[in-house]
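Here are some worked exercises to go through with the model open beside you. Try each task before reading its solution.

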Amino acid sequence: MNIGFMGLGKLGLPCAMAIEEKGHSVVGYDPGEIVAEALRTRQLPYREEGAQELLDLTNIRLAPVAEVVSRSELIFVAVQTPHDERFEGTTRIPQERRDFDYEFLKHSMAQVAEEALRQQKHVVIAIISTVLPGTVRREISPLLNEYTQLVYNPFFIAMGTTIHDFLHPEFVLLGGNDLKARQFVERFYATIHNHPVYATTIDNAELIKVSYNTFIGMKIVFVNTLMEICHKTHCSVDAVTDALKMASDRLISTKYLTAGMGDGGGCHPRDNIAMSWLAGELGLSCNFFDSLMMARENQTEWLADLMEQHDLPKVILGKAFKEETNLTVGSPAILLKNILVERGHDVLMYDPHLDAEAPAFQRSVFLIGTRHPEFRVFKFPAGSVVIDPWRYVEVSDDVTLVPVGQAARTEQAAQTAATHTKQLHVHAGDSATAAPPHHLEDSPQSTTVYAPGMTGSQGSDPCPISGS
Ligand SMILES: NC(=O)c1ccc[n+]([C@@H]2O[C@H](COP(=O)([O-])OP(=O)(O)OC[C@H]3O[C@@H](n4cnc5c(N)ncnc54)[C@H](O)[C@@H]3O)[C@@H](O)[C@H]2O)c1
């Protein structure tokens, strides 16, 4: 098929290249210099798994809107619907709440609709951009004409794995009342993969998209609440969440259930804020989304408290919003830095994906703000304290490690754990050989699972997923 793209940014370009790889021919319109530069130099300014290989070979070219319309049967619109930087999640949340800015999206939709009318050319348009429920009805539909058939088709992808997520979605979401247009888009997706399609109204699809993102933020706030409880009691957060992850039938999938920093990225925090604006507009009995954002901020504040317990220079390792990316949008590590600066501290930040060279570190309190693999065996100066909200860092004997939410590894809890283990051994017939297993006794094929930190543990492999 001939496919067009309006907007070849962080979402549009990787997806356009994945579509091209499936045998389609793609042209796009994008007024931004970044895309033109990326296509010219064959280099992306952001890390995206599998993108470089496709970029090396791509025939995608930029074209005027008129050409995108004249040659395309299906046009995807992946134009930004930004929020003011204040709502990004790297600073404290302001009092004010706002909807997204739809001016870019409206402009690009008007451009396509005008060209379709001028050329009297029928075209199916699939909007990918994130919008709040009611937006297409209110802002976009009035721009359409008899030559434009619309579906709302948001993607559920995480930055960094855009291509994989586009090619392997849980489902394809198609909102729209135009059956022919929807069926056309379904035929297109049949050429890409065989994952299920969920068809519904545009309003429903708009809400499904933002609630999917805010659900992720909710899971992260939930596990980080458990992390704080565990840190203040004798529980171990990974032991707790590893058990919850096994309840994938009655509870939830294992993803986004490993405690760490707050949710981040260009989508989730800002979607929460937009939803909290909507909650106010609708006069909801509870502005749940507001609570999520406040919880994210307060949990970051608590990490600042942990750093302040040590009278040492403050260092945050990692600026990116998630591991192995160089994107800092919505980064909770930067929110933490801003909170510390507000409290009067000088804060040094270092991220190997963003900084050419590591500074010369002195004895400090380090907090691992991004779960980059590079920090697992980092060389910390002797006498330093390392606060690890991810519980994956290894340190030498001359460095104090604070695995957040893993009380069992702190000195006090180590004693408690020892006592606990002793008691369990007594119950087990004073056997010193076998570790105390947790039995799933109801199951006919009972499986033995060892909680992290116990002898015989299968270890936890904390799922490093966070952010959008
Ligand atoms: N990046 C993601 O992971 C992701 C995931 C899901 C949804 N989304 C949503 O998709 C949309 C795009 O996100 P993004 O991250 O790619 O944004 P982006 O800012 O990286 O890219 C948007 C692109 O649109 C271009 N543009 C602006 N006006 C245009 C016009 N009139 N015509 C054509 N192009 C125009 C810009 O130059 C830019 O290159 C947003 O609504 C976002 O919320 C993004």
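**Exercise 1.** Which residue just after H13 takes a positive phi?

Solution. First, two notes on the source. Residues are numbered from 1 along each chain as its sequence is written. The model is predicted, so local features need pLDDT of at least 70 and side-chain atom pairs count only at pLDDT 80 or more, while totals for chains, interfaces and linings use all residues. Helices (H or I, at least four residues) and strands (E, at least two) are DSSP runs, numbered from the N terminus. Now look just after H13: Gly344 has a positive phi of about 95°.

**Exercise 2.** Explain why H13 is largely enclosed by the rest of the structure, and find what covers its buried residues.

Solution. Step one is the burial criterion: with C-beta atoms placed from the backbone, a residue is buried if 20 or more other C-beta atoms lie within 10 Å of its own, exposed if 12 or fewer, and partly exposed in between. Step two applies it: eight of the eleven residues of helix H13 (residues 332-342) are buried, so the helix is largely enclosed. They are Pro332, Ala333, Ile334, Leu335, Leu336, Lys337, Ile339 and Leu340. Step three looks for the cover, using contacts (C-beta atoms, placed from the backbone, within 7 Å). The cover includes helix H12 (288-308) and the strands E9 (314-317), E10 (347-350) and E11 (365-368).

**Exercise 3.** Describe how H11 and H12 pack.

Solution. Two packed helices are described by the angle between their axes and the distance between the axes. Axes are lines fitted to C-alpha atoms, for helices over the stretch in contact, and angles run from 0 to 180 degrees between N-to-C directions. Helix H11 (residues 268-282) packs on H12 at about 140°, with the axes 7 Å apart. Next, list the residues that meet: Pro269, Asn272, Ile273, Met275, Ser276 and Ala279 in H11, against Phe288, Phe289, Asp290, Leu292, Met293 and Arg296 in H12. This contact divides into eight nonpolar, two polar and two charged residues. Here Ala, Val, Leu, Ile, Met, Phe, Trp, Tyr, Cys and Pro count as nonpolar, Asp, Glu, Lys and Arg as charged, and the others, Gly among them, as polar.

**Exercise 4.** What is the strand order of the open sheet of five strands, and which strands stand at the edges?

Solution. Two strands pair if DSSP finds at least two bridges between them. The order is E10-E9-E11-E12-E13, with parallel pairing. E10 and strand E13 (400-403) stand at the edges with a single partner strand each, so one side of each has no neighbour in the sheet. On average, neighbouring strands of this sheet are turned by 20° against each other, direction ignored. Zooming in, E9 and E11 pair over four parallel bridges, and Lys314 stands opposite Val365 in E11. Finally, H12 lies across E9, E11, strand E12 (385-388) and E13, at about 155° to E11.

**Exercise 5.** Is Asp242 buried or exposed?

Solution. Locate Asp242 in helix H10 (residues 237-245). Then count: 23 other C-beta atoms lie within 10 Å, so Asp242 is buried.

Key:
Contact = placed C-beta atoms within 7 Å.
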